[in-house]
Amino acid sequence: FSLAGVLLTPKFQRHETRDICHSFPDAERAAEKERARAHLRTHYDRRAPAGGLHPVRQQSRNVEPAQRTRDGNEQAGHSGQRTTERFPRKNHRHPLQTAGRGYAANAAQIKQRYLNPTCNTMMLIAGLTDYVKRRQAEVGVRITQRTADKYERLLRYLKQYLAQRGKAEDIPVERMNYKFLDGFNLFLQTAHRCRHNGAVAVMDCLRNFVLYCLRNEWITKNPFRYYKLKEDEVQAKEHLTAHELELLTRKELDRRLARIRDVFVFCCLTGLAFADADHLRREHLSQDDEGRWWIHKPREKTSVMSRIPLLPGTLEILCPYEHDEVCVARSRVLPTPSNQKMNAYMKEIAAVCGIDKVLTTHCARHTFACMAVEYGMPIDVLAKILGHSNTNMTRHYAKFSETVIGREMEAFGERLASAT
């Protein structure tokens with residue numbers, strides 16, 4: 001008869017443990033219990049797999065040390081939550097759980113997310129359409145109509161790009177990644193023949209929409225984080241010299257080209273951009289106390305006020321069109337056509353005058369800036385006339401000709417000679 005054998009029987013474990021233990025003295029009972037524990041350890045050690053621990057002994061490693069309760073008794077506790085905190089496991093979420101983050105944990109919403117994964121998700125075309133309407137409402141308050149038109153063009157191009165991909169008419173904003181952005185940039189340069197800087201301008205509007213979604217916490221990641229937009233350095237625009245401008249002014253032309261020549265020369269003598277000259281009205285002209293005429297007009301592009309004193313030559317250009325039928329009908333002071341027709345006519349005028357340069361409407365603004373610097377106008381004053389809020393913008397227009405460099409070098413030589 002062995003106490004260890006008795007202890008291992010289910011009948012003893014269920015009914016007879018209390019009776020047997022009370023029949024032994026305390027010392028003998030303690031010794032038998034210790035022998036039974038040793039027998040159990042030997043029995044389970046033989047069943048343990050080679051090179052590893054038995055599951056019972058492995059579980060004993062996770063048992064926490066005995067903790068003392070309030071009444072002084074020791075109580076052994078299992079690892080439980082503390083073991084999980086000490087050894088964190090990788091959290092593998094179900095796709096439905098990942099998609100449902102931020103939503104209430106109820107059966108109705110879980111079913112809705114399962115049947116329609118894109119519900120309550122910011123979609124690209126739908127969200128951009130609302131954003132375009134918002135930008136259009138800001139015209140005249142925060143932005144100009146030209147800026148709002150850029151977002152309209154972005155929406156049109158994105159619809160065409162998604163149609164070309166053929167996968168879906170709309171996608172969630174969160175699915176935009178580096179591959180999508182790079183493909184859209186390539187689409188702009190191939191399908192619409194945008195140059196690099198033109199494509200960057202469109203992509204910049206898309207980035208503004210993405211930042212708007214981020215600030216509203218509609219998306220969690222920024223697809224433009226690693227997609228950098230950098231414009232290429234633009235080559236210097238061509239401009240006319242004083243001699244070429246004089247030749248253009250005195251050339252005999254027919255009425256059709258003479259009207260275009262007057263608009264171009266007026267821009268060369270005032271520095272107005274074509275859009276500003278096209279929107280120039282009578283109320284933008286005013287006369288000061290000294291009898292000098294001025295143009296006070298906010299720029300169409302930036303709404304920055306331009307203050308331009310008019311020279312006698314510009315006043316002579318405006319006089320013939322004071323009662324012109326086209327100008328009166330449009331409430332304008334100059335007979336300006338569209339920008340495309342203006343550029344086409346300027347190429348024809350350049351050929352007639354023998355000027356071997358590509359003349360455009362913006363060439364007149366550069367001509368004014370370069371001639372102003374050449375004749376000694378300070379850069380700060382030039383910035384006020386051009387309507388620039390920063391002189392760094394003005395430096396892109398003002399190019400130093402060889403005449404200016406030679407004149408400044410002669411002045412430096414004279415001062416150096418007088419000093420020695």
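**Ground rules.** I number residues from 1 along each chain as its sequence is written, and side-chain values use heavy atoms, with hydrogens and water left out. As the model is predicted, local features need pLDDT of at least 70 and side-chain atom pairs count only at pLDDT 80 or more, while totals for chains, interfaces and linings use all residues.

**Confidence.** I looked up pLDDT (the predictor's confidence in each residue, from 0 to 100). The chain has a mean of 79, with 73% of its residues at 70 or more. Residues 11–18 fall below 50, and I found 7 contacts for that stretch beyond near neighbours in sequence; contact means heavy atoms within 4.5 Å. Residues 53–88 also stay under 50, with 28 contacts beyond four places in sequence.

**Helix α9.** Helices here are DSSP runs of H or I, at least four residues, numbered from the N terminus. I checked the length of α9, residues 145–165. Its 21 residues should span 30 Å at 1.5 Å a residue, and the end C-alpha atoms are 31 Å apart, so the two agree. The expected span is 1.5 Å times one less than the number of residues. After the helix comes Gly166, with a positive phi near 75°.

Next I asked which residues of α9 are buried. Buried means under 20% relative accessible area, exposed over 50% and partly exposed in between (1.4 Å probe, protein chains only). I got Ala148, Tyr151, Leu154, Leu155, Tyr157, Leu158, Tyr161 and Leu162. An α-helix has 3.6 residues a turn, so residues three or four places apart point the same way. The cover over the buried residues of α9 includes α8 (124–137), α10 (178–190) and α11 (196–215).

**Aromatic rings.** My rule: rings of Phe, Tyr and Trp (its six-membered ring) pair if their centres lie within 6.5 Å; planes under 30 degrees apart are stacked, over 60 edge-to-face and the rest tilted. That gives 10 aromatic pairs. Tyr131 and Tyr151 make an edge-to-face pair, at 5.6 Å centre to centre with 75° between the planes. Tyr131 sits in α8 and Tyr151 in α9, so the pair ties together parts 20 residues apart in sequence. Tyr131 is buried at 6% relative accessible area, and Tyr151 is buried at 2%.

I noted another edge-to-face pair, Phe224 and Tyr227, with centres 6.4 Å apart and 75° between the planes. Phe224 is buried at 5% relative accessibility, and Tyr227 is buried at 5%.

Which residues do ring pairs link into a cluster with Tyr131? I listed Tyr151, Phe209, Tyr212 and Trp218 alongside Tyr131.

**Tyr212.** I then went to this residue, in helix α11. Tyr212 is partly exposed, at 22% relative accessible area. Leaving out residues up to four places away in sequence, Tyr212 touches Tyr131, Arg134 and Trp218. Tyr212 and Tyr131 are 81 residues apart in sequence, yet their C-alpha atoms are 8.9 Å apart.

**Asp324.** Last stop: the loop between α15 (312–318) and α16 (325–330), where I found Asp324. Is Asp324 buried or exposed? It counts as buried, at 12% relative accessibility. Beyond four places in sequence, Asp324 touches Arg255 and Arg259.

How values were computed. Helix = DSSP H or I, 4+ residues; strand = E, 2+ residues; numbered from the N terminus.
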